[in-house]
Amino acid sequence: MAKETEDPIVSLYRDSFPDFARMIRRMGGNPEEAKDAFHDALLIYMEKEKAGKLSLYSSPKAYLLGTAKICWLHARGMGSSLALPEGFEAAEQDDTDTEEREKSLMESLVRSGKKCMELLKAFYYDHCSMQDIAVRFGFNGRRSAAVQKYKCLEKVREEIKSTHAYAQ
Amino acid sequence: MLMRSELNEVWLIDQWLAGRLCEEEARVFKARLLLDETLAEKVEAQRTAHRMVRRYARWEARNRLDSIYRLLLTETDFAHQLKTIFT
């Protein structure tokens, strides 16, 4: 069914989600919870893969099912003894006020400078090379891409400093 | 890298946040932080900037996963499997 050129995440999703949904059903969960935990686990998987920090002891599917189960247990308040992979605080976010403030700050940063947020995402989150970033964003080489990256970071930083939401 | 001094400072703060300064540089930077409140503010705002970039990236990735889910639900076999699991 899967085409050769298909996005590997789509194939992994198709191959793994029904098994995870079965597992969650057996443990008394519902479809929505299954999807949320599965998406958290996929995010962790993709982030680790991009950062070159994915250690697979078996298959991607086994990793995903194990991580998704931990995410589901955490969401149900039952996973405190099981650690989520490092750097994934989003799944444990339970302070609603902070969550709202951070969300609104992010939205305001995207509204006022989407291109900068895209550029910073490409570098810091997707771990793209400066050369790739230069091509994708139309800069004249790696050096100007690097300078632009720091200009963007400075712009975002200054906006955060002047935002009421950040002023607590 | 030659940049205007403000950008060099953005670079330096980035190195500090990523723990990439050597022991001596880190000691000097830490001392500056204690003496210079403006620098300390910049460091905290830059830390928040990184958190916002990650939040934005995760938000986009979640949207992508939602579209993949909707796409797969249009496949008969996938949709049928899910339907039988939860009924």
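Student: How is a residue sorted as buried, partly exposed or exposed?

Tutor: With C-beta atoms placed from the backbone, a residue is buried if 20 or more other C-beta atoms lie within 10 Å of its own, exposed if 12 or fewer do, and partly exposed in between. In this predicted model, where local features need pLDDT of at least 70, side-chain atom pairs count only at pLDDT 80 or more, while totals for chains, interfaces and linings use all residues. Residues are numbered from 1 along each chain as its sequence is written, and chains are lettered from A and ligands numbered from 1 in the order in which they are written. Of the 87 residues of chain B, 15% count as buried.

Student: Which class does His74(A) fall into?

Tutor: His74(A) counts as partly exposed because it has 19 C-beta neighbours inside 10 Å. His74(A) sits in helix H3 of chain A, residues 60-75, where helices are DSSP runs of H or I with at least four residues, strands are runs of E with at least two, and both are numbered from the N terminus.

Student: How do H1(A) and H3(A) cross?

Tutor: Axes are lines fitted to C-alpha atoms, for helices over the stretch in contact, and angles run from 0 to 180 degrees between N-to-C directions. The axes of H1(A), residues 8-26, and H3(A) come within 10 Å and cross at roughly 40 degrees, which makes H1(A) oblique to H3(A); angles under 35 degrees count as roughly parallel, over 145 as roughly antiparallel, 65 to 115 as roughly perpendicular and the rest as oblique.

Student: Which residues make that contact?

Tutor: Two residues are in contact if their C-beta atoms, placed from the backbone, lie within 7 Å. Among them here are Leu12(A) and Phe20(A) of H1(A), together with Leu64(A) and Trp72(A) of H3(A).

Student: How many residues of chain A are in contact with chain B?

Tutor: On the side of chain A there are 36 residues, in contact with 31 residues of chain B. The largest share of the chain A side, ten residues, comes from H7(A).

Student: What is the radius of gyration of chain B?

Tutor: The radius of gyration is taken over C-alpha atoms, and the globule rule is 2.2 Å times the number of residues to the power 0.38. Chain B has 23 Å, whereas a compact globule of 87 residues would have a value near 12 Å. The C-alpha atoms of chain B fill a box of roughly 65 × 25 × 25 Å along the principal axes, and chain B holds four helices and zero strands.
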